[in-house]
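Let's take a walk through a protein together. Keep the sequence and the 3D view open, and look up each residue as we get to it.

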Amino acid sequence: MLFIEALNRASTQPNEKKLISRAKYRPIISNKDSVDLSSAAHQVKEIHLDSQTKSPLTASTSVFANLIEHVLSHLINTNAHLHSPEELNLDTKDWKLFLQVPPMTKEKDNKSVEYVAPEVLQRPPAKQLIFHIPVKPSYGIPIEMTLLLSPHNGSPEAPSIFYTFPKENWLPVLRTPYPPEFLEQQITHYHILLDQDGEPDQLSSLYTHINQSRVMSEDTFSSQTFGLRIWRAKNNTLTPVVLGDSQIGLLFVGHFKPIEGNPISEEERARQASNLYTKA
């Protein structure tokens, strides 16, 4: 399990989000975790994660992270492990990670009506995958949660899992240390998007901040996770939650608030202030 110590302390907090509806998943994306496929949302934007903008890890965060970990272990057929920045002592360092948020809708292909494409064998479209996960509390019967996994529209090619795995998948029990009263209050359906468009060393800016004993060789991790990026879809917004790297492995960043645009350095800020003073 991920983040057990931090989350056991957080699980007693009274401000955990209540579940609006405990109905089981139906093939409709809930408004709690959904993507509004509006035509205005296919613009790629730059964001960065800053070490100073994280929220505390909570038990609810742990449940979400472990659902992802459970699904990834099934997909790559090995035990995946999500590290937290706290586990790697990154919470005491200053760092930034720069990312591009993928578009949320696919741009239409405006081909001429006179153009007739030659008949070629087309690959079937990538499909969304649904994972049904029985989540076992510390006692009592499991509570079913679901994870909807989609490819995003910015990738030149969707990962092979979206062609080779069945649409619906029933996974083994995910055991947790949390009481049933707590799990019954949690969100039971999440929607995430996955791509492998990142560089294999996309976390290289963090290497110098990590104890070298924590930085592994590429042989330690599954190559299928190199460059992996997982985004949570919620309220018409995509936010990064997991980044895969050849030397760090899988890093969970779901409790860091993304900041739009590139930050301005102190030198640039001073230069702009100087220009304004000169003009005045």
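We'll begin with the whole chain, then visit a sheet, a helix, some salt bridges and a loop.

A quick note before we start: this is a predicted model, where local features need pLDDT of at least 70 and side-chain atom pairs count only at pLDDT 80 or more, while totals for chains, interfaces and linings use all residues. Residues are numbered from 1 along each chain as its sequence is written, and side-chain values use heavy atoms, with hydrogens and water left out.

So what is the chain built from? The protein chain has 5 helices and 12 strands. Both are DSSP runs numbered from the N terminus: helices are H or I with at least four residues, and strands are E with at least two. The chain has 280 residues, and 45% of them count as buried. Buried means under 20% relative accessible area, exposed means over 50%, and partly exposed is in between, using a 1.4 Å probe and protein chains only. The protein chain exposes about 15,900 Å², with carbon and sulfur atoms supplying 51% of that. Such areas come from the Shrake-Rupley method with a 1.4 Å probe, and for residues only the protein chains shown count as cover. Now think about contacts, meaning heavy atoms within 4.5 Å. Among contacts in the protein chain with a separation of 6 or more, 82% are between residues 24 or more positions apart.

Next, find the open sheet in which 3 strands line up in the order β3-β1-β12, with antiparallel pairing. Its edge strands are β3 (96-101) and β12 (259-260), each of which pairs on one side only. Two strands pair if DSSP finds at least two bridges between them. β1 and β3 pair over 6 bridges, and on that side Asp 50 stands opposite Lys 96 in β3. Strand β1 (residues 45-50) is joined to β12 by 2 bridges, and here Ile 47 stands opposite Glu 260 in β12.

Which residues of β3 are on its covered face, and which on its uncovered one? Leu 97, Leu 99 and Val 101 make up the covered face, whereas Lys 96, Phe 98 and Gln 100 make up the uncovered one. Here's the general idea: in a regular strand the side chains alternate between the two faces of the sheet.

Stay with Lys 96, since it leads us to the salt bridges. The structure holds 4 of them; a salt bridge is a side-chain nitrogen of Lys or Arg within 4 Å of a carboxyl oxygen of Asp or Glu. Lys 96 forms one with Asp 50, and the closest N and O atoms are 3.3 Å apart. Lys 96 is in strand β3 and Asp 50 in strand β1, so the pair ties together parts that are 46 residues apart in sequence. Lys 96 counts as partly exposed at 35% relative accessibility, whereas Asp 50 counts as buried at 11%.

Another salt bridge links Lys 54 and Glu 86, with 3.3 Å between the closest N and O atoms. Lys 54 lies in the loop between β1 and α2, and Glu 86 in the loop between β2 (82-83) and β3, so this pair ties together parts that are 32 residues apart in sequence. Lys 54 is partly exposed at 29%, but Glu 86 counts as buried at 19%.

Then look for Asp 195 and Arg 229, whose side chains meet in a salt bridge (3.0 Å, N to O). This one ties together parts that are 34 residues apart in sequence, because Asp 195 lies in strand β8 (residues 189-195) and Arg 229 in strand β9. Asp 195 is buried at 0% relative accessibility, and Arg 229 is buried at 11%.

Helix α2 (residues 59-76) has 18 residues and reaches 26 Å from its first C-alpha to its last, close to the 26 Å expected at 1.5 Å a residue. That expected span is 1.5 Å times one less than the number of residues. α2 is mostly covered, as 17 of its 18 residues are buried. The side chain of Ser 62 makes a polar contact with the side chain of Tyr 178 (3.1 Å). A polar contact is a pair of N or O atoms within 3.5 Å; within protein, one must be able to donate a hydrogen and the other to accept it, and residues adjacent in sequence count only if both atoms are side-chain atoms. Just after α2, Asn 77 takes a positive phi of about 60°.

Our last stop is Asn 236, in the loop between β9 (229-234) and β10 (237-245). Asn 236 counts as partly exposed, at 31% relative accessibility. The C-alpha atoms of Asn 236 and Met 104 are separated by 8.3 Å, although these residues are 132 residues apart along the chain.
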